Amino acid sequence: MDREKAAYIRHYFSHLMTDDEQSALRYHMYTYKTSHNPEMRKLLIEKGWISTDPKIAAFLKHGYGEFELNVATRIMAETPEKVFFNNCPACGKLPRTPYAKQCRYCGHSWREI
């Protein structure tokens with residue numbers, strides 16, 4: 001699976017992620033945003049927004065890109081019927097959203113007029 005499809009699945013079908021995967025995603029987001037502010041990070045840990053569980057951090061041990069690929073692969077293995085790829089009918093590439101009606105690559109439009 002390529003990174004574009006993995007990001008598409010993680011972004012638009014995040015409701016199919018497990019609770020641990022969602023915690024790992026929050027962990028990544030909040031630790032990244034508070035990397036230059038240790039006081040804010042401490043506050044988020046105290047409030048429970050950043051998990052201190054080592055198994056949550058282990059999801060990201062090979063980096064965020066690998067985490068995203070693993071999540072997308074698991075979702076496609078377990079629930080492929082719930083994922084919809086809105087491919088362009090002209091070029092076959094993936095538009096920005098599952099509801100897009102115009103391709104960002106070739107410009108083809110498939111709107112009903």
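Trainee: Let's begin with Leu94: in which segment is Leu94 found?
Mentor: A word on the model first: it is predicted, local features need pLDDT of at least 70, side-chain atom pairs count only at pLDDT 80 or more, and totals for chains, interfaces and linings use all residues. Residues are numbered from 1 along each chain as its sequence is written, and side-chain values use heavy atoms, leaving out hydrogens and water. Helices are DSSP runs (H or I, at least four residues; strands are E, at least two), numbered from the N terminus. On that basis, Leu94 is found in the segment after H5.

Trainee: Does Leu94 count as buried or exposed?
Mentor: The cut-offs are under 20% relative accessible area for buried, over 50% for exposed and partly exposed in between, with a 1.4 Å probe and protein chains only. Leu94 has 5% relative accessibility, so Leu94 counts as buried.

Trainee: Which residues is Leu94 in contact with, leaving aside its neighbours within four places in sequence?
Mentor: Contact means heavy atoms within 4.5 Å. By that test the partners of Leu94, sequence neighbours within four places aside, are Glu4, Lys5, Tyr8, Phe85, Asn86, Asn87, Arg104 and Tyr105.

Trainee: Over to the helices: how is H2 oriented relative to H5?
Mentor: Axes are lines fitted to C-alpha atoms, for helices over the stretch in contact, and angles run from 0 to 180 degrees between N-to-C directions. H2 (residues 19-33) and H5 (residues 64-78) pack at about 160°, with axes 12 Å apart. Angles under 35 degrees count as roughly parallel, over 145 as roughly antiparallel, 65 to 115 as roughly perpendicular and the rest as oblique. Therefore H2 is, relative to H5, roughly antiparallel.

Trainee: Finally, which residues does Thr34 touch, not counting residues up to four places away in sequence?
Mentor: Thr34 is placed in the loop between H2 and helix H3 (38-47), and counts as buried at 5% relative accessibility. Not counting residues up to four places away in sequence, Thr34 touches Met40, Arg41, Leu44 and Ile50.
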